[in-house]
Amino acid sequence: APYLTILAFNNVVKIHPDAKLVLAGDGPLMDTCVNLTKHLKLDDHITFLGVVDPNQAMSLMENAMCFVQHSITAMNGDMEGTPVAILEACAAGIPVVSTRHAGIRDVIIHGETGFLCDEADVEAMSNYMCELAEDINMARQIGTNARSNIKTNFSLVQHIEKIQMALKSREQN
């Protein structure tokens, strides 16, 4: 729900008028997001990049203060799994502000590796973004914690070990 990210960011700009939001990606909600940005008069604060390649994504993360993703459950109950972009942001040492949604809760430890708000809670999301903007040392520490969490719990070696354990368990049954 990138439009909810934009609504949260609108609150941030009221407190931090120099704040910038860069949105990467494309999809059926792009027109809605562009139109909402114009309606809220945030054109000078939000940049839409469209689809970016992995090198561009890495460069964006190197210069980001935080990574924000507002995910929600679709009306038909559809939910995403664990967003790769959140894993990448954590691996890059960036604090994440996101929602308690699907696999995101498995990656983000609230208050340690990022902040989680309820789905559609625009106010909480904007508060967490402001909190990070106002305490750069805390933001850096949370980013460091995020990177450490990824190294410890989400490495390829760990993933393969978990799959092997599951296969062995299944063979024994």
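View 1. Ala 102 counts as buried, because its relative accessibility is 15% and the cut-off for buried is under 20%. This is a predicted model, so keep that in mind for every view here. You'll find Ala 102 in the loop between S4 and helix H5 (104-107). Its phi is positive, about 45 degrees, although Ala 102 is not a glycine. Most residues other than glycine have a negative phi.

**View 2. Ala 120, another loop residue with a positive phi.** Ala 120 sits in the loop between S5 and H6. Phi of Ala 120 is near 70 degrees, again a positive value in a residue other than glycine. While you're zoomed in, look at the backbone nitrogen of Ala 120: a polar atom of the His 70 side chain lies 2.9 Å from it.

View 3. His 70 belongs to the loop between strand S3 (67-68) and helix H4 (84-91). Is His 70 buried or exposed? His 70 is buried, with a relative accessible area of 2%.

**View 4. The open sheet, S3-S4-S5.** Here 3 strands form an open sheet in the order S3-S4-S5, with parallel pairing. S3 and S5 are the edge strands with a single partner strand each, so one side of each has no neighbour in the sheet. How many bridges join strand S4 (residues 96-99) to S5? There are 4 bridges, and the two strands run parallel. Thr 99 stands opposite Cys 117 in S5. Helix H6 lies across S3, S4 and S5, and runs at about 165 degrees to S5.

**View 5. Two faces of strand S5.** In a regular strand the side chains alternate between the two faces of the sheet. Strand S5 (residues 114-117) shows it: Gly 114 and Leu 116 point one way, Phe 115 and Cys 117 the other way, and all are buried.

**View 6. Leu 116, up close.** Leu 116 is in strand S5 and counts as buried at 5% relative accessibility. Leu 116 and Thr 99 are 17 residues apart in sequence, but their C-alpha atoms are 4.8 Å apart in space. Setting aside neighbours within four places in sequence, Leu 116 is in contact with Ser 98, Thr 99, Arg 100, Ile 104, Arg 105, Ile 108, His 110 and Tyr 128.

**View 7. The aromatic pair, Phe 115 and Tyr 128.** A search of the whole structure turns up 1 aromatic pair. The ring centres of Phe 115 and Tyr 128 are 4.6 Å apart and the planes are at 0 degrees, so this pair is stacked. Phe 115 is in strand S5 and Tyr 128 in helix H6, so the pair ties together parts that are 13 residues apart in sequence. As for accessibility, Phe 115 is buried, with a relative accessible area of 6%, and Tyr 128 counts as buried at 18%.

View 8. Helix H1 (residues 2-15) has 14 residues, which at 1.5 Å a residue should span 20 Å; the end C-alpha atoms are 20 Å apart, so the two agree. Which residues of H1 are buried? They are Leu 4, Thr 5, Ile 6, Ala 8, Phe 9, Asn 10, Val 12 and Val 13. The buried residues of H1 pack against strand S1 (21-24), helix H2 (30-39), strand S2 (46-50), S3 and helix H6 (122-134).

**View 9. Asn 55, out on helix H3.** Asn 55 lies in helix H3 (residues 54-62). With a relative accessibility of 62%, Asn 55 counts as exposed, because the cut-off for exposed is over 50%. Asn 55 and Val 22 are 33 residues apart along the chain, and their C-alpha atoms are separated by 16 Å.

Technical notes
Residues numbered from 1 in each chain as written. Predicted model: local features only at pLDDT ≥ 70, side-chain atom pairs only at ≥ 80, totals over all residues. Heavy atoms only, no water. Buried < 20%, exposed > 50% of the residue type's maximum accessible area, 1.4 Å probe, protein only. Polar contact = N/O pair within 3.5 Å; in protein donor to acceptor, adjacent residues only side chain to side chain. Expected span 1.5 Å × (residues − 1). Contact = heavy atoms within 4.5 Å. Pairing = 2+ DSSP bridges. Phe/Tyr/Trp six-rings, centres within 6.5 Å; stacked < 30°, edge-to-face > 60°. Axes fitted to C-alpha atoms, helices over the stretch in contact; angles between N-to-C directions.
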